[in-house]
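Please look over the sequence and the model below, and then work through the questions that follow.

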Amino acid sequence: MEKQKTRQKGERLFYRFSSLQLGKKIRYLFLFIIGIYLVFFVLLYTFFVRNNLSEYASQKNLNTLTSVSGNFTSEMDRISDMSLLTMSNDAVVTYLDGGADSKTRSTKDTVNALYDMMNVFEGISSIYVFQTDGEYVSSARNVTFASPGLLESSQWNNELNKMAGGFVLTINGNGLFLLKNDVDGNPRDVITFMRVINDLNT
């Protein structure tokens, strides 16, 4: 019964289409062909193009992340090399090993040595060398404030001491540093690269 009704509807539609003028027939035929093309392109986009675009975007994002990771690792290696040079610099060693009198005499030489290193290694905002008593020398391109009192906190430097000369990456030195923005003077975050300077002889 249902098949018969469907066939009758189809016959009626065919009869109506046959009775139309030639111009209308051509118009409806074009609309039908355009509809078929639209359905085809929608299906093509849904099943093929969209999947390919998603895979392309995912691959591009992965390549970008890989590149950023490689650049970051390379930058960390570069800064690590600079910190090792700082640790073995004669002026720095003299400043760290000397007494109060020799500290005063070597401070200027140490600061000059730190600035020389900053000129070689671009992109470094500042270099600080701290004594265990909180005294320090520094060179900086930006206005940076330090709170050396935090060095006495075992909770703060526990990870740093545990690395025993290995580097620790933090933001603002976990409160040790404050970097002022050159434009509006408001503080801004800075990545800090810290390590304990051990005596290379002992």
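Q: In which helix does Phe-48 lie, and is Phe-48 buried or exposed?
A: This is a predicted model, in which local features need pLDDT of at least 70 and side-chain atom pairs count only at pLDDT 80 or more, while totals for chains, interfaces and linings use all residues. Residues are numbered from 1 along each chain as its sequence is written, and side-chain values use heavy atoms, leaving out hydrogens and water. Phe-48 lies in helix 2, helices being DSSP runs of H or I with at least four residues and strands runs of E with at least two, numbered from the N terminus. Because its relative accessibility is 52%, where under 20% is buried, over 50% exposed and the range between partly exposed (1.4 Å probe, protein chains only), Phe-48 counts as exposed.

Q: Is Ser-139 buried or exposed?
A: Ser-139 is found in strand 2, residues 136–140, and its contacts (heavy atoms within 4.5 Å) include Val-111, Leu-114, Tyr-115 and Met-118, with residues up to four places away in sequence not counted. Since its relative accessibility is 0%, Ser-139 counts as buried.
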